[in-house]
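Me: I am new to this structure and would like to learn how to read it. Please show it to me.

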Amino acid sequence: KELSAADAVNFAVQIVQALAAAHSAGIVHRDIKPANIMIAGYPAGSFQVKVLDFGLAKLTESAPSGDTLSENRTKGSIIGTAAYMSPEQAEGKPVDARSDIFSFGSVFFEMLSGRRAFRGDSNLAVLTAVLRETPEPVPGVQAHLQNIVSRCLQKDPGFRIQSAVELKLALEACLPLSIASLSPVKTIA
């Protein structure tokens, strides 16, 4: 099924609104991925996006000052989904709202391109890609949308878009664009 870039931006705004609400409550989701995002009412008409499964969420207020590797691992396995993890989460470092912004960037890249931002033949290969690779720009996607994706996917959290509110404003600035100028892309079913 094809998803227009305009629809992708509209979906993205609602996803980021949900993240902003969670972050304002001191919650970091830590598992933003397509399977945890539900879109009701699409393509029939109006739609509503919901972010689900806060099972790996973490309260930032109650986090100890030195978030340890053991908190991000269970029985030797990294918790979360490799293809959507932030580099700091993949390395077992402390996470904050900017980790969810990275994960959102991976999802948004996929919405625009129809393919995952970080791929590999195994979870280890995917995690290596998350830590070291930069996804190629999405062909046919306007420069300002590319810029948003690129800023979300910065390896260093200090260089990312810093908050879901800032990200929402950047996405909303894309909404008045002519729908005709936003090309359709394929999504992963």
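Me: Where is the place of Ser-99?

Reply: Two remarks on the source come before that. This is a predicted model, in which local features need pLDDT of at least 70 and side-chain atom pairs count only at pLDDT 80 or more, while totals for chains, interfaces and linings use all residues. Residues are numbered from 1 along each chain as its sequence is written, and side-chain values use heavy atoms, with hydrogens and water left out. Helices (DSSP runs of H or I, at least four residues) and strands (runs of E, at least two) are numbered from the N terminus. Ser-99 lies in helix α4, which covers residues 97-113.

Me: Is Ser-99 buried or exposed?

Reply: Buried means under 20% relative accessible area, exposed means over 50%, and partly exposed is in between, with a 1.4 Å probe and protein chains only. Ser-99 has a relative accessible area of 0%, so Ser-99 is buried. In the protein chain, buried residues make up 44% of the 189 residues.

Me: Which residues does Ser-99 touch?

Reply: Contact means heavy atoms within 4.5 Å. Leaving aside residues up to four places away in sequence, Ser-99 touches Ser-86, Glu-88, Gln-89 and Arg-160.

Me: What does Arg-160 form with Glu-88?

Reply: Side chains of opposite charge can pair when their charged atoms come close. A salt bridge is counted when a side-chain nitrogen of Lys or Arg is within 4 Å of a carboxyl oxygen of Asp or Glu. Arg-160 and Glu-88 form one, with the closest N and O atoms 2.7 Å apart. The pair links distant parts of the chain, 72 residues apart: Arg-160 is in the loop between α6 and α7, and Glu-88 is in helix α3 (residues 87-90). Both Arg-160 and Glu-88 are buried.

Me: How many salt bridges does this rule give?

Reply: The count comes to six. Among them is the pair of Arg-151 and Glu-166, with the closest N and O atoms 2.9 Å apart. This pair also links distant parts of the chain, from Arg-151 in helix α6 to Glu-166 in helix α7, 15 residues apart. Arg-151 has a relative accessible area of 29%, so Arg-151 is partly exposed. Glu-166, at 31%, is partly exposed as well.

Me: At what angle do α6 and α7 pack?

Reply: Axes are lines fitted to C-alpha atoms, for helices over the stretch in contact, and angles run from 0 to 180 degrees between N-to-C directions. Helix α6 (residues 143-152) and helix α7 (residues 164-172) pack at about 165°, with their axes 10 Å apart. That makes α6 roughly antiparallel to α7, since angles over 145 degrees count as roughly antiparallel, under 35 as roughly parallel, 65 to 115 as roughly perpendicular and the rest as oblique.

Me: Which residues make the contact of α6 with α7?

Reply: Ile-148, Arg-151 and Cys-152 of α6 meet Glu-166, Leu-167, Ala-170 and Leu-171 of α7. For sorting them, Ala, Val, Leu, Ile, Met, Phe, Trp, Tyr, Cys and Pro count as nonpolar, Asp, Glu, Lys and Arg as charged, and the others, Gly among them, as polar. The contact has five nonpolar, no polar and two charged residues.

Me: How do the axes of α4 and α6 cross?

Reply: They come within 8 Å and cross at roughly 145°. The contact includes Phe-108 of α4 and Val-149 of α6. Its residues divide into 10 nonpolar, one polar and no charged.
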